[in-house]
2 protein chains.
Amino acid sequence: MEAPTHLSQGARRSADQAIGFLMQQAVENPGCISLAAGLVDERSLPARLVRDAVDTLLADGESGRRLLQYGTTQGPEPLRRVYRNYLAELEGRSDGLADLPLSRMMLTTGSQQLLSLIVQAMFDPGDICLVAAPTYFVFLGVLQAAGAEIIPVEADANGMRPQALRGALERLHAAGQLGRVRLIYVVSDFENPSGVSISADRRHELLELAQSWSRESRIYLLEDAAYRELRYEGTAPPSIWSLDRNRETVILAQTFSKSFSPGIRVGLGVLPEKLLKPVSDLKGNEDFGSAHLNQHIVAHALKNGSYRQHVESVVASYRSKRNAMLQAIDKEFAGLHGVTWVRPEGGMYVWMRLPPIVQTGFDSLLFQQATRVNRVMYVPGELCYPTSWNDRPRCEMRLSFGVQSEAGIEEGIRRLATAVRTVFGRISGGNE
Amino acid sequence: MEAPTHLSQGARRSADQAIGFLMQQAVENPGCISLAAGLVDERSLPARLVRDAVDTLLADGESGRRLLQYGTTQGPEPLRRVYRNYLAELEGRSDGLADLPLSRMMLTTGSQQLLSLIVQAMFDPGDICLVAAPTYFVFLGVLQAAGAEIIPVEADANGMRPQALRGALERLHAAGQLGRVRLIYVVSDFENPSGVSISADRRHELLELAQSWSRESRIYLLEDAAYRELRYEGTAPPSIWSLDRNRETVILAQTFSKSFSPGIRVGLGVLPEKLLKPVSDLKGNEDFGSAHLNQHIVAHALKNGSYRQHVESVVASYRSKRNAMLQAIDKEFAGLHGVTWVRPEGGMYVWMRLPPIVQTGFDSLLFQQATRVNRVMYVPGELCYPTSWNDRPRCEMRLSFGVQSEAGIEEGIRRLATAVRTVFGRISGGNE
């Protein structure tokens, strides 16, 4: 008789995450055009640039070898200085953000590691996180693994609604739960999955709410700015982080995975003072610091201007792909009553809503029809809401224009419209 | 009035770890010769080799760009095949370990990430880990952060004593605690800090104990083989992992940080079947997989033979440094009564024991004398025992020959002997 394996509470809560199902579906449906994968376009990746960077960085043996040594848990200070200059440029700060102590910055393994560390540092089971509805489903998985209670807050075309956030906080206060609220999580620009950005006014309001409701314990605001550089039209509002004058409320999470390369795994975080040591201690336990060489590769590209050039070309390419997807949707979905979608100004996603009668989940008629018959895959929208929310919408889809070529996007949308029409016909007309 | 920041239990337990104190001491005593840092010799790092590898890997745009895309959480399967061939060679398995499913292998951010993931996957507060005494102090910190109960098991010149392990298990059984034992942790070769290797006989016995005491729940054995390739004399015993026929008890943790480059951050784990999914789920939450490009860099060096050549040169260099340290100790400590030390066959550490009356901790007379007056730093041995063990030895030191040149090692040992002699004089002779 074999003795059973004991797993920790955290490991048990980590099982059966949406991302796992999704990847399994991708494997099981290899012939599909994927509008599901949230990956960047492989053709955009800077192979030549990285090769040249490494060639230069390792040309001199002595200085080169230093990059192959450990860095530090947060990333070496001279490197953080380079990343601070980059952040200053993004923020339009001509003073180079000289007043931001380098100790507040941390280089991570993509921004995902920072999201995970923040949750590890702040959440015990039952602690509360408020999230936009819908939101980034992988982060929901991280929260779920920590045993967090996740409370969805209504969002619209301008992002999370401050009034809805206030209402949620008031209800928690009335229920004696305010002291368990740790975090408000938002993807500020071209949200994954909804494609919407938080308007400038709301950025101020959301921050102010986090601050004014920090009564029993500090409520932090985690600004996931993963997509901020992928803007195809319009003007960027200031980051929420930049509005936080004393820098004690907002955690800023950025990554070079979307704008540069996910295989390099470099993320950049800026933390309130009180979270620095706990997050750094946890990171030290996890890895002693992320890959040092890779931090130098990105810094090299930042310093010599090749990063900015690269982002420009990436933005131009994704702009065309977004346009291709929106044009295809305009054309293919025009006659379909009750279907609406968001026109994102950036990012990688179009969020589509079908009439509530048409469900989109893994076990829905539409998902089966789309993947098995019409050979196209999307991310079911319901994954982007907390599973604890029974009334979550089940008729939405996240469509990514990241991976496919323009031709692939057009064909994918054509197939998807066919699948939707077929299911519409079955539902409204009974058996065909 | 500012609202307090709430930290998770895990974050609170992560604070004030030994490694933090140690690094602070290094910063505060910049003029010291460090025999404390457990880093590899920077001069050994393969700058040329990595540069050539990247040059080749990224030469072709299309295949090159693939390496800058995400890999997978465990690392792509074709890559794991390359690492399996490498492991087969280490294990002397001419069949290429073809019977080891690739799904059992995982590429991590150094081996540290695997150690951390294993603890996260298995430990709830109060769960028990048995460790050799002394043991790798960073791992003690990881266990402490998880709220684990750490039980030290006596070790001698042949590693952890099976009889002591049996005794500990019997006591836990008698106390009704056997069901809370999750893990036995050993560094099998040239242990950090003690320098000893577990003898072949004991490898069998320790494995057999883990298996036969897996009654209420499975007791895993984590074999940390970080140093196995750094052997300077003698013959390698089989890994404990290789003795585990059904591969359901031993977790093997290896790294390329010591043999190749810590700044690349590539580790290799082999896991029992029952731990695969939990550990992979947790890793997915943490980072979606470690840096893909870096996994290819190491694989490239493994495939073209340059890795093996590099290890040979590294081993030759560390052998000379070990010899330099042992010769210097023989000379400088010859007249010091009651001082003993281990002659390691590999690795990076010499473990020294002083008479019990001479304490070595951060606040000891010796540490002050060594760092402030004689300008040499070591790792106090007491850090390598669980802090919960009140009777832990306090008169030991870990001396590393990793970082310093041979001349630096000789001078460092000379200074250390001077400091020890001074403290001996004060203790035995009262005030000077």
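This is a predicted model: local features need pLDDT of at least 70, side-chain atom pairs count only at pLDDT 80 or more; totals for chains, interfaces and linings use all residues.

Biologist: OK, how many helices and strands are in chain A?

Modeller: Chain A has 15 helices and 14 strands. Its C-alpha atoms fill a box of roughly 70 × 65 × 55 Å along the principal axes.

Biologist: And what is the radius of gyration of chain A against that of a compact globule?

Modeller: The two agree: chain A comes out at 22 Å, and a compact globule with 432 residues would be near 22 Å. As for burial, 56% of the 432 residues of chain A count as buried.

Biologist: What about contacts in chain A between residues at least 6 apart in sequence, how many of those join residues at least 24 apart?

Modeller: That's 75% of them.

Biologist: Switching to domains. What does the assignment give for chain A?

Modeller: Two entries: domain 1 is 9–44 + 311–429, and domain 2 is 48–307. So domain 1 is written as two segments, if you go by the domain assignment. Taken over C-alpha atoms, the centres of domain 1 and domain 2 of chain A are 26 Å apart.

Biologist: How many residues does each domain of chain A put into the contact?

Modeller: Domain 1 of chain A brings 33 residues and domain 2 of chain A brings 31 residues. On the domain 1 side, the elements giving two or more residues are α1 (9–14), α2 (18–28), α13 (306–332) and β11 (349–353) of chain A.

Biologist: Which element gives the most on that side?

Modeller: α13(A), with six residues. By class, the domain 1 side that touches domain 2 of chain A has 19 nonpolar, nine polar and five charged residues.

Biologist: Now the two chains. What rotation superposes chain A on chain B?

Modeller: A rotation of 180°, with 0.0 Å of shift along its axis and an RMSD of 0.0 Å. That is the relation of a two-fold axis. Both copies use the same surface, and 100% of the contact residues of chain A recur in chain B.

Biologist: How many residues are in contact between chain A and chain B?

Modeller: 72 residues of chain A are in contact with 72 residues of chain B. On the chain A side, the elements giving two or more residues are α1, α3 (47–57), α4 (61–67), α6 (110–122), α7, α11 (273–287) and α12 (292–303).

Biologist: Which of them has the largest share?

Modeller: α11(A), with eight residues.

Biologist: Is α11(B) mostly covered or mostly open?

Modeller: Mostly covered, with 11 of its 15 residues buried. Among them are L275(B), P278(B) and V279(B), and also charged ones, including D281(B), K283(B) and E286(B). Just after α11(B), F288(B) takes a positive phi of about 60°.

Biologist: Where do L97(A) and R247(A) sit?

Modeller: L97(A) is in the loop between α5 (77–90) and β2 (105–108) of chain A. R247(A) is in the loop between α10 (240–243) and β8 (250–255) of chain A.

Biologist: Is L97(A) buried or exposed? And how does R247(A) count?

Modeller: L97(A) is buried, because it has 20 other C-beta atoms within 10 Å and the cut-off is 20 or more. R247(A) has 17 C-beta neighbours inside 10 Å, so it counts as partly exposed.

Biologist: Last one: where is there a cis peptide bond in chain A?

Modeller: Between A133(A) and P134(A), with omega about 5°. P134(A) lies in the loop between β3 (128–133) and α7 (137–145) of chain A. In chain B, the bond from A133(B) to P134(B) is cis as well, with omega near 5°.

Notes. Residues are numbered from 1 along each chain as its sequence is written. Chains are lettered from A and ligands numbered from 1 in the order in which they are written. Helices (H or I, at least four residues) and strands (E, at least two) are DSSP runs, numbered from the N terminus. A residue is buried if 20 or more other C-beta atoms lie within 10 Å of its own, exposed if 12 or fewer, and partly exposed in between; C-beta atoms are placed from the backbone. Two residues are in contact if their C-beta atoms, placed from the backbone, lie within 7 Å. The radius of gyration is taken over C-alpha atoms; the globule rule is 2.2 Å times the number of residues to the power 0.38. Copies are superposed by least squares on the C-alpha atoms of residues with pLDDT of at least 70 in both.
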